[in-house]
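Student: I am new to this structure and would like to go through it step by step. Can we start with the overall picture and then turn to single residues?

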Amino acid sequence: MNASSNAIAAQPNPSNKVRDFVARKPRLLINGEWVDSRSGKTIAVFDPATGREIAQVADAGKEEVDRAVAAARAAFESGPWADMTPAAREAILWKLSDLIERDAAELAELESLNNGKTRFMASIIDVPGARDWFRYMAGWATKIEGTTMQTSIGGIPGAKFHTYVAREAVGVVAQIVPWNFPLAMAAWKLAPALAAGCTCILKPAEQTPLSALRLGELIVEAGFPPGVVNILTGLGETTGAALVAHPGVDKIAFTGSTEVGKIINKSATDTMKRVSLELGGKSPMIVLPDADVGAAVGGAAMAIFFNSGQVCTAGSRLYIHSKIFDKVVEGLCGAASSIRLGPGLEQATEMGPLVSKEQQERVLSYIESGKKEGATVVAGGEAVSHPGYFVKPTVLVNCNPRMRVVREEIFGPVVAAQRYDDLDEVVKAANDSPFGLSASIWTNNLSAAHRLIPRIKAGTVWVNCHNLVDPNMPFGGFKSSGVGREHGRAVLDLYTELKSVCMLV
């Protein structure tokens, strides 16, 4: 990494393809066609590295929600999608993945320009991840199975029964995705639902809608029948709320904050929708006294500064054994101070801005609250004097469990480091949280790791790594971190219903 300074490089001009795309007329994908919002209302889209408006997108209203739900319902119940074989669904999903691979450079640039992350990171994480999730889930389309069973039904002398359980697509799914990984989260949601035979209405975050709209163009090009995938841009409190309340939607899949997830869960009960929620986290990193200091420093830096800390599994609580606390903190401060901040399209940038002015102010307010409550800033702790939404990588020490920076999800490049002396103490501290999404353990002692893993209340526990996901590895959280598991075989439970069939023969 290179020495950082307060100087932020200029954002390079986007390529002609990306420039032309963002300049297009705002439209919505409904029933296989790009249509206007009847209200004509639009939402401004900004480049987080400059604070400048770069595009306008349509603001879908209730009428557009009704049209999209009707299109998805028709596609699910009749027509090509309802009649398509699993192998044909698999083929069309694979076709989409090929188109993502073909346009990978454009998608990475678009993701960087809209979200603020570096184009390099988008090109090695976000875009390949979206491609690979579609490819992985495509294979599940042909592997959805039911079961047969023996029954012991009495009351009918001599009767015999043929009994089986079928797994069927849940129906019309509304999918609301966040702004931190816009393209990848769209793939996480769409791929399994489509593989299972559902039809979808995707609502990207209002801050980062551009890559979802470009994905919509690829979906049309891939040959998905009309109505199978609909894309509505709009605000969460209007477009999103209308989808959650709509009686024609069978399921809501949401990734975002725990606060919004709770609202969605309550609202969905009015129509008894199926709901899956991937929500917030406050993930602990536990560094044991025998851990390799260099590995722990590098791991801690990646765990909290990757994607500018805007990661639900970010390692934001760092528990270090007193024996090596000072060494790890010193190394982490050095890593934080050396990160080069800048715009995502600049090749030398190592960490981009936060996604919005609102998010920048939120993160800075958490840093201030930590200082007021007694924490000490030993690296970063401030914004950069620049129109973009930059916050320096920040390390806090002298933290205690009662502080907001320890208890609440910040969603920025801020880590709270704390000492501990024994395993019982650190396990209690790690579990002392309303969240339970992920955790990591850093040690060279395999026995110690195995003893700790079952004691940590989290959906994912990494050992000597952090923030790593795979399409075959179930992902989701305990407690307030969500409901359900994405990825792998487990995700099919989110997009299918079980039907028991008992036949007197």
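Student: How many helices and how many strands does the protein have?

Tutor: Keep in mind that this is a predicted model. Both kinds of element occur in the protein, and the count is 16 helices and 22 strands.

Student: Why does the protein count as being as compact as a globular protein of its length?

Tutor: For 505 residues the globule rule gives 23 Å. The radius of gyration of the protein is close to that value, so the protein is as compact as a globular protein of that length, with a radius of 24 Å.

Student: What does the C-alpha trace span along its principal axes, and what share of the residues count as buried?

Tutor: Along the principal axes, the trace spans about 75 × 60 × 40 Å. A residue is buried when its relative accessible area is under 20%. Of the 505 residues, the share that counts as buried is 56%.

Student: Among contacts between residues at least 6 apart in sequence, what share joins residues at least 24 apart?

Tutor: Contact here means heavy atoms within 4.5 Å. Among the contacts in question, the share joining residues at least 24 apart is 74%.

Student: How far apart do the centres of the positive and negative side chains lie?

Tutor: The protein has 51 positive side chains and 52 negative ones. The centres of these two sets are separated by 3 Å.

Student: Is His 466 buried or exposed?

Tutor: His 466 sits in the loop between β19 (460-463) and β20 (478-479). Its relative accessible area is 6%. The cut-off for a buried residue is under 20%, so His 466 is buried.

Student: Which side chain does the side chain of His 466 join in a polar contact?

Tutor: The side chain of His 466 also reaches the backbone nitrogen of Gly 315, at 3.5 Å. Beyond four places in sequence, the residues that His 466 touches include Pro 284, Thr 313 and Trp 442. The polar contact between side chains is 2.8 Å, and the partner is Ser 440.

Key
Residues numbered from 1 in each chain as written. Predicted model: local features only at pLDDT ≥ 70, side-chain atom pairs only at ≥ 80, totals over all residues. Heavy atoms only, no water. Helix = DSSP H or I, 4+ residues; strand = E, 2+ residues; numbered from the N terminus. Rg over C-alpha atoms; globule rule 2.2 N^0.38 Å. Buried < 20%, exposed > 50% of the residue type's maximum accessible area, 1.4 Å probe, protein only. Lys, Arg positive; Asp, Glu negative; His and termini not counted. Charge placed at Lys NZ, Arg CZ, Asp CG, Glu CD. Polar contact = N/O pair within 3.5 Å; in protein donor to acceptor, adjacent residues only side chain to side chain.
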